[in-house]
Amino acid sequence: MQYAHPQLNRHGELHHLLSIEGLPRDVLLHIMDTAQGFVSFGDRDVKKVPLLRGKSVFNLFFENSTRTRTTFEIAAKRLSADIFNLDIQRSSTAKGESLLDTIANLEAMDADIFVVRHSESGAPFLIARHTPDHVHVVNAGDGRHAHPTQGLLDMMTIRHYKPAFTALTVAIVGDIVHSRVARSAIHALTTLGVPEVRAVGPKTLVPGDLRSMGVRICHDISEGLRGADVVMMLRLQNERMAGGLLPSASEFNMMYGLTAERLRLARDDAIVMHPGPINRGVEIDSAVADGPQSVILPQVRFGIAVRMAVLSIVANNAA
Amino acid sequence: MQYAHPQLNRHGELHHLLSIEGLPRDVLLHIMDTAQGFVSFGDRDVKKVPLLRGKSVFNLFFENSTRTRTTFEIAAKRLSADIFNLDIQRSSTAKGESLLDTIANLEAMDADIFVVRHSESGAPFLIARHTPDHVHVVNAGDGRHAHPTQGLLDMMTIRHYKPAFTALTVAIVGDIVHSRVARSAIHALTTLGVPEVRAVGPKTLVPGDLRSMGVRICHDISEGLRGADVVMMLRLQNERMAGGLLPSASEFNMMYGLTAERLRLARDDAIVMHPGPINRGVEIDSAVADGPQSVILPQVRFGIAVRMAVLSIVANNAA
Amino acid sequence: MQYAHPQLNRHGELHHLLSIEGLPRDVLLHIMDTAQGFVSFGDRDVKKVPLLRGKSVFNLFFENSTRTRTTFEIAAKRLSADIFNLDIQRSSTAKGESLLDTIANLEAMDADIFVVRHSESGAPFLIARHTPDHVHVVNAGDGRHAHPTQGLLDMMTIRHYKPAFTALTVAIVGDIVHSRVARSAIHALTTLGVPEVRAVGPKTLVPGDLRSMGVRICHDISEGLRGADVVMMLRLQNERMAGGLLPSASEFNMMYGLTAERLRLARDDAIVMHPGPINRGVEIDSAVADGPQSVILPQVRFGIAVRMAVLSIVANNAA
């Protein structure tokens, strides 16, 4: 699609979901409202609607993520789509075929939606630019860039517990510089009018240029948590600690780990979020993760509803 | 679920299937009778019933077993369930997430049934203890402990050819100490009133404490087979022979392998069973495996029917 | 099945699809005509027909090929079949079970169709000989021998653009000696009455005995392409170049690579085909692969239609 906006069709409706950055507020709210209708869906006796019957959804995971892949698979099957999981590592791409040749081949198999996970930032945009009008692309995480369905499920979760976005203080804690989860959340929070978004962590992990996005930077965890309504902990990527950029797990826990004691600095009714999987005793203590303020498991449930909403919305919007 | 009985609900109905040990005779018979209705199912033109339509079944194979996984996948799809195969080795568990955190996450995705295979004895019990009331757990093999659907399909097979359990002599031959198949079969045979169950094999592989379960121990193969109505051969796990616990394949064949000649010691109409995959020329000779007394392939067919029965029974029993 | 013809039933209808060699012209045309009805299927809103509802199709890929496996999976799901992908490398076969024991076990699970890919020529024939009458075998590529659905999709593609088979000149270029794609195409073209089929390539890759199949051998690329209506490029298998049988990629490109300049030797309206995945700059230049004469992506689309046709035809033919 070659319109001015890479994600919207000529009517301003969602055609691809590539990034929360650049999505208008009413599009965000439309996805969330649609997802709301699917939240109680899991309690039904028959968890199945025919909205995507006879559609072909391809899970293209160039980077492995069993959990995210499974959530899209669940969402697609509950919408009655046919879903195809491509083992990209073992496929033609491994034989040296280019990304765009792979995509062109899958399109010729009459794909309707590509769900793309890639270690390179921007890969889903590249794919979206080269697909014909009847094919939709959903970004399931690209490099450090974006993870829009995670951002959306985070907003669903916040709205469920704290409906007044324009009165909230949200603290995002941890390795923000490497986190597509953080970037997507910041864009969504800003668009939804949250007045105070804090990025909390050591200097090596919280880039100063976030200030230009209207974010308040806190290198001190107490300052970061004080009075917050929402605490979003990020996962510490163990695989990155080897590089020296991150402190050790125990150092991180000592300086920024969310303990029950520290959580008392936030508002009494603050909620605690985490994209999972959690590192118990590293970025979050078990007492908090399993405690009454934790909404980590509701996030997972909202994640299925959001993915159902995104798939059904893009599939039903023509170019 | 926290009732006194880990597998039954307050009405004494099957809620989880974790082990044949402790299952009342009428529950065993109810599963077998339900399965009987599915046996001829494979001959139908449309092998599909809507009993589990819109239910989500998760295959959680922490230990690889393509065959058992496939049989559950077939059973679930024939019941019209949505089935999700999790590649646990590549999943979050590999990133250090705990078993119970993985399970809690999958529950939040509105799972109805977990089919669990694990190398640790007791893992399915642990999972069942931590699941909410609307989720059901089916053990697909845990360590050396239990493999209840295998035990049930063995009973289906025996009943098909030898309906009078209370008049039978059953010989189980091979590596009994390491075998969850043997343990499950012994519990089932005892519950169904089989008067003589023999455990046949070398001292290193047949533990003496089986006597307390009412089993007759035979270290001599001729004594073990003589007059038997049913001969259940176990698979010799090649990977265990390296440890020195097992004799070599050729030694085992010489001393305990089921040859046509040895089979003549059993009753003329004895049936020969094996859980598969068979090691031809090790625990069983081809003349026997492919001979008229072999019911190895019917066991496979009964296996699909039993798994359909178990999935449909637990899914329809509330806590 | 033990009739005189390994692929046809007693009524001369397709029972297995093992090889194009030996298939009568009317059977070929029947498959192509049936496939024609599925070509526009991908444009439908609901890409699903209930022709194979409740049938069990097993993808048995002893040799990895994500692309071919996916095309059969798509075809089966669009026909509403249940499809089971067996990870053969991790399965019982890896535990030393024989091919025929694996097959016998899967049959006992009430399989209707086996789709077989194997590195050994003839494996699908062996399987077909040992299956009962109600099970059908479709060859998805065996060793150097045959790849009949590829041959059929190639014929569909040619017929779409050049309907008069009996007036065509077809040039097949590349590593013909190792190519099951080439063998299947040659048999199909001959059966359909194509008067001139050329095998083009170096002496090491184009065996002289092809002459006995009525093929014209050209070691010179200009002679091979001159006046051709159809140019079928084969994939250069990089993994074979190490053996010294093949020239290097750059040598091959210089002597036989399809450049825009060379393509001018063929007829102005010649079509260019390739089974994919293409090696850009090796056997085919990007200007040709992406040019107006290329029908490489339509081949992929015809491939889905042909596989739907084959699965639905064999499933509905009794022995």
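Mentor: Two strands pair if DSSP finds at least two bridges between them. Strands (E, at least two residues) and helices (H or I, at least four) are DSSP runs, numbered from the N terminus. This is a predicted model: local features need pLDDT of at least 70, side-chain atom pairs count only at pLDDT 80 or more, and totals for chains, interfaces and linings use all residues. Residues are numbered from 1 along each chain as its sequence is written, and chains are lettered from A and ligands numbered from 1 in the order in which they are written.

Trainee: Which strands of chain C stand at the edges of the open sheet?

Mentor: The five strands are paired in parallel, in the order β7-β6-β5-β8-β9. An edge strand has a single partner, so one side of it lacks a neighbour in the sheet. That singles out β7 (216-218) and β9 (271-273) of chain C.

Trainee: Which residue stands opposite Val230(C)?

Mentor: Strand β8 (residues 230-233) of chain C runs parallel to β9(C), joined by three bridges. In β9(C), the residue opposite Val230(C) is Ile271(C).

Trainee: Which helix gives the most to the side of chain B that touches chain C?

Mentor: Contact means C-beta atoms, placed from the backbone, within 7 Å. Chain B brings 21 residues and chain C 19 residues. On chain B, α2 (66-78) and α12 (296-315) each supply at least two. With seven residues, the top contributor is α2(B).

Conventions. Two residues are in contact if their C-beta atoms, placed from the backbone, lie within 7 Å.
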